[in-house]
Amino acid sequence: MSNIVLSISTNLQKEVMTYYASYFIERKAPGVIFAAKLPDTAITMYKSGKLMFQGGGAEREAARWGTVEKTTTQPASSIGAKGDILPDHFATMSVLGSDETGTGDYFGPVTVAAVYVPSSKIELIHELGVKDSKMLTDDYMRKIAPDLRAACVHSVLVLRNEKYNNLQAKGYSQGKIKAMMHNKALQNTLVKMAPEKPAFILIDQFAQRGVYYNYLKNERELVQENVYFSTKAEQLHVAVATASILARAAFLKEMDRLSEMTGLDLKKGASSKVDQQAAQIWKKQGEEFLRSITKWHFANTEKARKFK
């Protein structure tokens with residue numbers, strides 16, 4: 001299905017609405033100011049001045065109003081991404097994407113999100129502010145996350161550190177833990193969106209395909225159909241960028257809870273400032289409590305012990 005976007009002026013917006021008035025349909029999606037449905041084309045206008053055409057007649061209708069604006073993200077080769085070779089025009093397809101965060105943080109959980117963005121919602125997701133999450137601030141991601149959750153079928157998993165430490169003590173590597181969480185989040189989302197299926201699934205790659213599925217060899221259910229792996233996947237499809245934002249928002253929410261519990265504005269990452277905060281908590285609230293809110297096997301633990 002063709003997916004064409006134009007940028008138009010305020011005056012032209014009025015002309016478009018008049019021209020397609022007899023085809024008007026009600027759409028209450030965020031940012032949408034007008035929508036129409038022709039027999040072969042869906043037309044959506046956004047308050048930002050973007051005008052999207054979808055369907056067999058998209059090129060014909062778009063040609064009435066201006067020059068086509070390309071909406072695809074960068075190809076993998078141009079951003080140095082590594083992994084599977086993706087189909088042409090992948091960024092315009094209906095994709096289920098997954099990503100994680102929190103794996104390098106001493107405090108706070110590991111969070112994984114899987115998000116389905118059909119081709120019909122790609123422009124809407126851009127309108128809601130999604131781009132590569134590494135270009136967004138934490139505050140901005142908190143702000144747009146509720147609209148993204150409302151707009152997309154998704155699953156977000158939060159693994160608190162008490163359970164993380166138990167799994168790690170049983171011999172589970174962080175790679176295995178992440179693989180299990182990605183697989184489960186993808187399963188959850190596929191169940192929610194059934195009977196619809198994504199054209200493809202894209203996982204932000206943290207392990208080679210063979211290693212990833214070896215981590216999951218004892219799992220009863222595996223998501224394997226039409227799965228691609230790529231690094232920098234958030235730049236290759238908006239579904240992964242959205243997943244990254246929802247995973248980050250969930251991580252930040254949990255960090256807020258832990259900060260309230262400790263009475264400290266807990267630092268992210270695993271820096272020397274984190275060591276100092278850990279030592280402070282250790283002195284005040286004890287080793288058992290500190291263990292429950294940290295990834296105990298990190299080197300920060302021994303560093304905090306020396307500060308204590």
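These legends describe close-up views of one predicted model. Residues are numbered from 1 along each chain as its sequence is written, and side-chain values use heavy atoms, leaving out hydrogens and water. In this predicted model, local features need pLDDT of at least 70 and side-chain atom pairs count only at pLDDT 80 or more, while totals for chains, interfaces and linings use all residues.

**View 1. The largest nonpolar core has 42 residues.** A nonpolar core is a set of buried Ala, Val, Leu, Ile, Met, Phe, Trp, Tyr and Cys residues joined through side-chain atoms within 4.5 Å. Buried means under 20% relative accessible area, exposed over 50%, and partly exposed in between (1.4 Å probe, protein chains only). Y106, F107, I281 and L290 have the most contacts inside this core. Helix α7, residues 174-193, gives the largest share of the core, six residues. Helices (H or I, at least four residues) and strands (E, at least two) are DSSP runs, numbered from the N terminus. Another core lies apart from this one and has 38 residues, among them A145, L148, Y228 and A247.

**View 2. The surroundings of I281.** Contact means heavy atoms within 4.5 Å. Neighbours within four places in sequence are left aside here. The contacts of I281 then include F107, T262, L264 and L266. G286, F289, L290 and I293 are also in contact with I281.

**View 3. β8, α8 and β9 make a right-handed β-α-β unit.** A crossover is right-handed if, with the strands pointing away from the viewer, the path from the first strand over the helix to the second runs clockwise. β8 and β9 pair in the parallel sense, over four bridges. Two strands pair if DSSP finds at least two bridges between them. I201 stands opposite V227 in β9.

**View 4. The two sides of strand β9.** In a regular strand the side chains alternate between the two faces of the sheet. From β9, V227 and F229 point one way. Y228 and S230 point the other way. All four of these residues are buried.

**View 5. A cis peptide bond joins A194 to P195.** Its omega is near 10°. P195 is found in the loop between α7 and β8 (200-204).

**View 6. H89 and N226, two residues with positive phi.** H89 is not a glycine, yet its phi is near 60°. The loop between α3 (76-79) and β5 (95-101) holds H89. H89 is exposed, with a relative accessible area of 61%. N226 is not a glycine either, and its phi is about 55°. N226 lies in the loop between α8 (209-215) and β9 (227-230). N226 counts as partly exposed, at 38% relative accessibility.
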